[in-house]
Amino acid sequence: MHSSSELYGASKILIFVIEIVQKMGFPILVILPGEGPLAKEMMRLGFDVRIMNLGILRRKYFSPLGIINRGKRLVQAYQFLKDLHQQEKIALIYSNTLAVIIGAVFARRKKIPHVWHIHEILHSPEFLIKFLARQLDQTTPNPLVVSEAVANHWRKYLQIAIPSVIHNGMDYSPFLHAKSDLRQSLGVKNDQPVITMIGRINPGKGQQFFLQMAKELIQLYPNAVFWMVGDPYPGYEPIHGQLKEYIRTHHLEASVMDLGFRMDVPEVLASSDIFVLPSILPDSFPTVILEAMASGLPVVATDSGGASEMIEDEVTGYLIPMGDVKLGVSRIASLLKDRKAAKTMGLAGQQRVQELFSFQKFSTKIEQFLWQQIN
C-alpha cells in the first residue's frame, strides 16, 4: 500500500520494491488511494493495481470534521482488506510511508507480518509523532528506514521497534545514457548554464530558497537559466501561487522557468549543468539527488537529513546550511565560474552513486530483509 498515486521519490522506490518481490516469486496486489501517474505506470508494468481510499493521514484533516472523515475512510479500508484476506490469505503487508496506517492496524489484528517503509522525518505536530511511534511499536518490530538520519530521528520515540537502514538504490541506466533536446524546445542556448531543482512543492522542499538564490545569481550571471520542476502537493497550491508571485515581483520571468510536473526527468537532468536541492526541512533520502548524481551533475544541497549521507562535500558537490542564501549563492557561483571543476565533481558523483547506491545492493538487501519478515 502507498500513500499517493503521484510519481515522485517514494513512489519510484515502491516500484523497485515491487519488482524485487515479484522476482522472489510472490503474487502482489498494489493498493493505491487514487488514480494518477503512479497507477498508470504500475498498470503499464503489468502489476495488479486496486484503487481504494485508504484514509491517508494528511495535515488538512487535523480538525474535528477531518478526523471524522479519516475515521470513516479507515473503517471502509479495513473492510476492504478484510474482504481481500478472506478471498486469499495475505502473507505480508507492506506500507510505503507513514501516511498509510490502515495496513499496520489490520496486520496487528490479523497477526500478519507487517513492513513499514519509513521515508519521513517529522518534527511536528508532537501528538502525531507520538501516535505514529506507538503504532510502530505495536505493529512493526523491524521498520525499514531509508537513511541513518531517519533512523536516528525515530529511535528517540520508539520503545520496542528497531529500525533497519537500507539506503535507496535504483536503475541508473536512464540517467547515464540520457540525451535531450529540451534546451532547444525551451529556447535555451547551449552557452547558457542551467541550474535545476526538482521537487514536490510543499513547505519543506525549499522552492522559495531556490528563487532567492536565483535572484542573486542572475545579478552575477545574467545568462543563467533556472528550471524549477514539480507540482504542488494537494493542499499546498497557495505556496505555488506565492512562488509565481515572487517570480513576477522580482522580474525573474526571463531567467526562471516553472516547468511543473515532468515525466522526462532523465532528459531534464541531461540538459542541466548544476542540480540544487535546497530543502528547508530535513529531507529523509531524496531520490532525486541519486538521479542528479547519476546524470553526472554536481549537487548543491542543504546539509540535512539523508543528503549528507549521499553527497561527499567538496568532492561530489556542496552541502550548505538550510536557508543560507549567501553561502548557497557562493557555492553555485563557484561551479558556474569553474566549469571544469564542476564537471569533475559531477563525474565523481556519478561514480559514487553507482558504487554505494546501486540497484543491485538495494535489491539484495531488500530481498534479505523481506525473507526475514516472512520467515
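Before anything else, I jotted down that buried means under 20% relative accessible area, exposed over 50% and partly exposed in between (1.4 Å probe, protein chains only). I also noted that strands (E, at least two residues) and helices (H or I, at least four) are DSSP runs numbered from the N terminus. This is a predicted model, where local features need pLDDT of at least 70, side-chain atom pairs count only at pLDDT 80 or more, and totals for chains, interfaces and linings use all residues. Residues are numbered from 1 along each chain as its sequence is written, and side-chain values use heavy atoms, with hydrogens and water left out.

**Strand S10**

I looked up S10 (residues 274-277) and found both faces covered. Ile 274 and Val 276 are buried on one side, Phe 275 and Leu 277 on the other.

Which strands pair with S10? I counted pairing as at least two DSSP bridges between two strands. S7 (residues 194-198) runs parallel to S10, joined by 2 bridges, and S11 (residues 299-302) is parallel to S10 too, over 3 bridges. Phe 275 sits opposite Thr 196 and also opposite Val 299 in S11.

**The S3-S4-S5-S6 sheet**

Next I checked an open sheet of 4 strands, with parallel pairing in the order S3-S4-S5-S6. S3 (93-96) and S6 (164-165) are at the edges with a single partner strand each, so one side of each has no neighbour in the sheet. Further in, I found S4 (residues 114-118) and S5 (residues 144-145) paired in parallel over 2 bridges. Ile 118 is opposite Val 145 in S5.
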